[in-house]
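User: Could you walk me through the labels used for this structure? I would like to hear what stands behind each one.

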Amino acid sequence: MVEKDALLSFLQGAQDADDVTAYFERVRLAKATVSHRKIRSLVRQDREPLTISSLPRTLQLSPGRLEIKFATVLDLTEAMYALARVLENDEQEFARRYEECAVRESDIDSKEVDLMFLQLERDEEDRNQRLSQETERPIL
């Protein structure tokens with residue numbers, strides 16, 4: 001199989017050449033020095049969508065953190081591809097579970113208030129215990 005553009009280019013060159021055999025030889029020698037490795041474009045294939053629970057065990061996730069353990073580049077590629085498929089399928093759920101949530105001031109305020117009430121309760125219990133101990137002591 002030959003690419004259409006390559007064939008058209010070759011035929012145009014052959015048509016313009018005085019000596020087609022010499023032209024063919026030049027093309028063949030030039031082709032021998034060109035690498036046969038081509039960049040391949042990504043072709044989407046129908047694949048079942050992956051879910052977060054189906055990620056490989058080599059991929060460890062926690063909020064704001066991703067760790068991939070791999071022995072070969074192929075292992076790394078497969079783990080990253082699986083992650084990409086999960087993100088393509090259910091990005092919102094992934095974000096809900098693993099994005100580091102920015103701490104809101106209202107969250108800080110409510111936590112601080114809860115801690116203050118807890119401390120007040122403890123202080124009140126300590127005060128009541130001291131008062132009860134003082135009332136039990138005989139006056140001298």
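Analyst: Gladly! One label to start with is the nonpolar surface patch of about 280 Å², made by Val2, Leu7 and Leu11. Please keep in mind that this is a predicted model, where local features need pLDDT of at least 70, side-chain atom pairs count only at pLDDT 80 or more, and totals for chains, interfaces and linings use all residues. Residues are numbered from 1 along each chain as its sequence is written, and side-chain values use heavy atoms, with hydrogens and water left out.

User: Why is leucine 11 called partly exposed?

Analyst: Buried means under 20% relative accessible area, exposed means over 50%, and partly exposed is in between (1.4 Å probe, protein chains only). Leucine 11 has 47% relative accessibility, so it counts as partly exposed.

User: Which residues form the largest nonpolar core?

Analyst: It has ten residues: Leu50, Ile52, Leu55, Leu59, Ala79, Ala82, Leu83, Val86, Phe94 and Tyr98. Helix α3 (residues 73-98) gives the most to this core, with six residues. The term stands for buried Ala, Val, Leu, Ile, Met, Phe, Trp, Tyr and Cys residues joined through side-chain atoms within 4.5 Å. Phenylalanine 94 and tyrosine 98 are both buried.

User: What is the aromatic pair of phenylalanine 94 and tyrosine 98 called, and why?

Analyst: Rings of Phe, Tyr and Trp (its six-membered ring) pair if their centres lie within 6.5 Å; planes under 30 degrees apart count as stacked, over 60 as edge-to-face and the rest as tilted. For phenylalanine 94 and tyrosine 98, the values are 5.0 Å centre to centre and 50 degrees between the planes, so the pair is tilted. About one helical turn separates phenylalanine 94 and tyrosine 98, because they are four residues apart in helix α3. The count comes to three aromatic pairs by this rule, and Phe10, Tyr23 and Phe24 form one aromatic cluster.

User: How do you know that glutamate 67 and lysine 69 form a salt bridge?

Analyst: The rule asks for a side-chain nitrogen of Lys or Arg within 4 Å of a carboxyl oxygen of Asp or Glu. The closest N and O atoms of glutamate 67 and lysine 69 are 4.0 Å apart, and the pair is counted as a salt bridge. Glutamate 67 is partly exposed because its relative accessible area is 30%, while lysine 69, at 52%, counts as exposed. Arg65, Glu67 and Lys69 are linked in a network of salt bridges.

Key
Patches are made of residues with over 30% relative accessible area and no salt bridge: like charges are joined within 9 Å, nonpolar side chains (Val, Leu, Ile, Met, Phe, Trp, Tyr) within 5 Å. Accessible areas come from the Shrake-Rupley method with a 1.4 Å probe; for residues, only the protein chains shown count as cover. Helices (H or I, at least four residues) and strands (E, at least two) are DSSP runs, numbered from the N terminus.
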